[in-house]
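Thanks for making time this morning.

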Amino acid sequence: MRHKKISRGRLLTAMTGLYGSKAILRSIRHSVSWATPKEFYELLNKEFSFDFDPCPINPTVNGIFCDWGKRNFVNPPYNKAIIGWLNKALIEKEKGNMSVFLLPVRSDTIWFHDIVLKYACEIRFIQGRLYFGEKRTNPAPFPSMLVIFK
């Protein structure tokens with residue numbers, strides 16, 4: 001399937017009309033938060049029986065500073081803060097808690113080599129691209145992986 005390329009100007013015009021401001025548009029276009037596809041989460045939940053999500057879409061607490069459950073699903077913001085979330089997973093691992101991370105494949109980063117490769121018990125590369133959010137119109141602009149700490 002081919003995707004039609006939309007010019008930046010047309011995209012700005014269309015999105016500004018929908019959301020009412022360019023500031024909101026910028027946050028959408030450069031989003032670091034990607035909502036986990038519901039069907040994908042449900043498949044993982046069947047396998048792992050999650051009891052906590054420290055990174056929900058509308059958080060009431062900062063999940064990086066609270067205690068986690070025994071079986072955690074973590075889809076952190078995809079920015080430099082990933083390293084903090086991965087370090088928190090190591091703390092939870094020491095407590096005997098399991099964490100399953102949905103992450104972008106960034107095998108060129110320090111966190112991938114210094115944390116994921118050294119401490120994860122399993123890495124699963126996801127074939128193809130995930131479709132984040134409720135609308136399944138465009139695939140993610142990056143490959144994804146599951147990283148499991150236990």
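When I say buried, I mean under 20% relative accessible area, with exposed meaning over 50% and partly exposed lying in between, using a 1.4 Å probe and protein chains only. Helices (H or I, at least four residues) and strands (E, at least two) are DSSP runs, numbered from the N terminus. Please keep in mind that this is a predicted model, in which local features need pLDDT of at least 70 and side-chain atom pairs count only at pLDDT 80 or more, while totals for chains, interfaces and linings use all residues. Residues are numbered from 1 along each chain as its sequence is written, and side-chain values use heavy atoms, with hydrogens and water left out.

Let me give the overall layout. The chain has five helices and four strands, and along the sequence they follow the pattern α-α-α-β-α-β-α-β-β. Of its 150 residues, 35% count as buried.

Which strands pair with E4? Pairing requires that DSSP finds at least two bridges between two strands. Strand E2 (residues 98-104) pairs with E4 in the antiparallel sense over six bridges, and there Ser 99 stands opposite Phe 149. Strand E3 (residues 122-125) is also antiparallel to E4, over four bridges, with Ile 123 having Val 147 as its bridge partner.

Leaving aside neighbours within four places in sequence, Val 147 is in contact (heavy atoms within 4.5 Å) with residues including Phe 101, Leu 103 and Val 116.

Turning to helix H4, residues 82-94, the buried residues include Trp 85, Leu 86 and Leu 90, and what covers the buried residues of H4 includes E1, E2, H5 and E4. After H4 comes Gly 96, whose phi is positive, near 90°.

These pieces meet in a nonpolar core, by which I mean a set of buried Ala, Val, Leu, Ile, Met, Phe, Trp, Tyr and Cys residues joined through side-chain atoms within 4.5 Å. The largest such core has 36 residues, and among those touching the most other members are Leu 86, Phe 101, Trp 111, Val 147 and Phe 149. H3, E1, H4, E2, H5 and E4 each supply at least two residues of this core.
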